[in-house]
Amino acid sequence: MKKLILMLMLCAPMTMFAQKFGVVDIDAVGSALPEYAKVQGELKAMATQADNDLKAMQDEIQRKADEYQKGASTMNATAKEAKEKELNELYGKFQQAQQVKAQELQKAQQDKIGPIQAKVMKAIEEVGKTGAYTMIFPKGSQPYISATAVPDVTEKCKSAALKMK
């Protein structure tokens, strides 16, 4: 009997400090949200429009370069210089437009995906608090996860994120 009481007294502090860990697939939680598909569609449409705009500029540069090459033999030096200057300016505008479009797309992605990421993080925090998890790790962030030791809380986080407004 004394041994049993002593054993219980020794084990009690260990159970009080037991830690609970979880793993979550953040991408799966985010992609489960209805607004994710909408945002992906908007971003894809923006990228397509940017590609079309740049393609139109590129076609114009190519058309003018072809015109220049065809008529270069009959042009005087001043006309050649003016055409070359025009082509260089068009190419410079094209490069600048590429940079601007890339920055616009990156900013739009940050602006539109940011609220989704915040919602996912809030859902993970909520699951962590309600499930009494000490830590929830993003899936793939550590080299080894024991399938039996660490429960995957992705589904709980998905349902928590879907309940949020």
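**Close-up 1. Helices α3 and α4 pack at an angle of about 175 degrees in this predicted model.** Helix α3 covers residues 34-71, and helix α4 covers residues 77-130. Their axes lie 10 Å apart. Angles over 145 degrees count as roughly antiparallel, so α3 is roughly antiparallel to α4. The contact of α3 with α4 has 20 nonpolar residues, 15 charged and four polar.

**Close-up 2. Helix α4 spans 79 Å from its first C-alpha to its last.** The helix has 54 residues. Its reach is close to the 80 Å expected at 1.5 Å a residue. A kink of about 35 degrees lies at Ile 113. Just after α4, Ala 132 takes a positive phi of about 55 degrees.

**Close-up 3. The largest pocket has a volume of about 180 Å³.** Helices α2 (26-32), α3 and α4 each give two or more residues to the lining. Ile 26, Asp 27, Gly 30 and Ser 31 are among the lining residues. Tyr 36 and Gln 40 also line the pocket, as do Ile 113, Ile 116, Gln 117 and Val 120. By class, the lining has five nonpolar residues, four polar and one charged.

Notes:
Residues numbered from 1 in each chain as written. Predicted model: local features only at pLDDT ≥ 70, side-chain atom pairs only at ≥ 80, totals over all residues. Heavy atoms only, no water. Axes fitted to C-alpha atoms, helices over the stretch in contact; angles between N-to-C directions. Helix = DSSP H or I, 4+ residues; strand = E, 2+ residues; numbered from the N terminus. Parallel < 35°, antiparallel > 145°, perpendicular 65-115°, else oblique. Nonpolar A, V, L, I, M, F, W, Y, C, P; charged D, E, K, R; others polar. 1 Å grid on protein atoms, 1.4 Å probe; cavity = no way out; pocket = protein on both sides within 12 Å on 5 of 7 lines; lining within 4 Å. Points joined across faces, edges and corners; volume = space filled by probe spheres on them. Expected span 1.5 Å × (residues − 1). Bend = angle between axes of the 7 residues up to and from the residue.
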